[in-house]
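Q: I'm new to this one and would like to go through it slowly. Could you show it to me before we start?

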Amino acid sequence: MLAALFLLASTGCTVTVEDPGYVVPPPLPPMEQLEQAPLVDPQDYGGGDDILSFVTEDRTVACSLTAARGPHINLPYEQNTFSNSENNRLAIVPVAHCELAKYPKPVPGDVADDCAGTNLGYLGGVALLTPDKATYGECRSGVTQMEATYGPRGNKAGPIAELAVLGDGQNLERNGLRCSSYNGGVACGNVSAGVGFFVSEDRYELISGSPESTAPAP
């Protein structure tokens, strides 16, 4: 026995013993995750036009840290009118935009548009962050591009399928907004303003300095 102890000491070996009483700590709240998680080099996520885009490892969420002119968002995987000359009069605002392959419905209190007065077609699956506000859902008649790629009937091809993966726990920043892949989804936020969101395939959360809106899992 004494010889074995001398051998361990001389070889520098260590013995790891599992602690049966250890409890894995819960995930950090979204804004704390964004503040504390280390930032990764954005070079691998550049999609041109000063856009950072990524998809999660499990291919459930795709996001872009990009810009908007009014409702026109500059996305590399969606047709958009951001560059239309008619929109040049609109101020350019940094935004974070995420799409989901599967998603919860917006709760009634988070419906942010009457869809041209029809009050129909406000669907989940998209979250948007501006420097001072976070919203979930949008007016549309079809699926999100992420849903068309990695949803139940997705084709697993196209621009989203070519996005770089943001590993679990990693954090990206552009123009004061951050996004982090963690806890089975993605958190995006403006840390200095305390505004953000968390989205995953079974729940979402909007953070705005007021009581949080959380949609329960279906």
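Q: How many aromatic pairs does a search of the whole structure find?
A: This is a predicted model, and a search of the whole structure finds two aromatic pairs in it. Tyr136 and Tyr204 form one that is stacked, with 4.0 Å from centre to centre and 15 degrees between the planes.

Q: And where in the chain do Tyr136 and Tyr204 sit?
A: Tyr136 belongs to strand 6 (residues 133-139) and Tyr204 to strand 12 (residues 204-207), so the pair links distant parts of the chain, 68 residues apart.

Q: Is Tyr136 buried or exposed? And what about Tyr204, buried or exposed?
A: Tyr136 has a relative accessible area of 0% and is buried, and Tyr204, at 1% relative accessibility, counts as buried as well.

Q: OK, which residues make the edge-to-face pair?
A: Those are Tyr182 and Phe198, whose rings are 5.8 Å apart centre to centre, with 75 degrees between the planes. Because Tyr182 lies in strand 9 (residues 177-182) and Phe198 in strand 11 (residues 195-200), this pair ties together parts that are 16 residues apart in sequence.

Q: Switching topic: what sits over the ring of Phe82?
A: That is the charged end of Arg69, which is 4.6 Å from the centre of the Phe82 ring.

Q: Now strand 1, why is it described as largely enclosed?
A: Strand 1 covers residues 52-56, and five of its five residues are buried, so the rest of the structure largely encloses it. Both of its faces are covered, with Leu52, Phe54 and Thr56 buried on one side and Ser53 and Val55 buried on the other.

Q: Which way does strand 1 pair with strand 2, parallel or antiparallel?
A: Strand 1 pairs with strand 2 (residues 61-69) in the antiparallel sense, over four bridges, and Phe54 has Cys63 of strand 2 as its bridge partner.

Q: What's in the turn of that hairpin?
A: Four residues lie between strand 1 and strand 2, and Arg59 in the turn has a positive phi of about 55 degrees.

Q: And how does strand 1 pair with strand 7, parallel or antiparallel?
A: With strand 7 (residues 165-166) the pairing is parallel, over two bridges, and there the bridge partner of Val55 is Val165.

Key:
Residues are numbered from 1 along each chain as its sequence is written. This is a predicted model: local features need pLDDT of at least 70, side-chain atom pairs count only at pLDDT 80 or more; totals for chains, interfaces and linings use all residues. Side-chain values use heavy atoms; hydrogens and water are left out. Buried means under 20% relative accessible area, exposed over 50%, partly exposed in between (1.4 Å probe, protein chains only). Two strands pair if DSSP finds at least two bridges between them. Rings of Phe, Tyr and Trp (its six-membered ring) pair if their centres lie within 6.5 Å; planes under 30 degrees apart count as stacked, over 60 as edge-to-face and the rest as tilted. A charge sits over a ring if NZ of Lys or CZ of Arg is within 6 Å of the ring centre and within 35 degrees of the ring normal.
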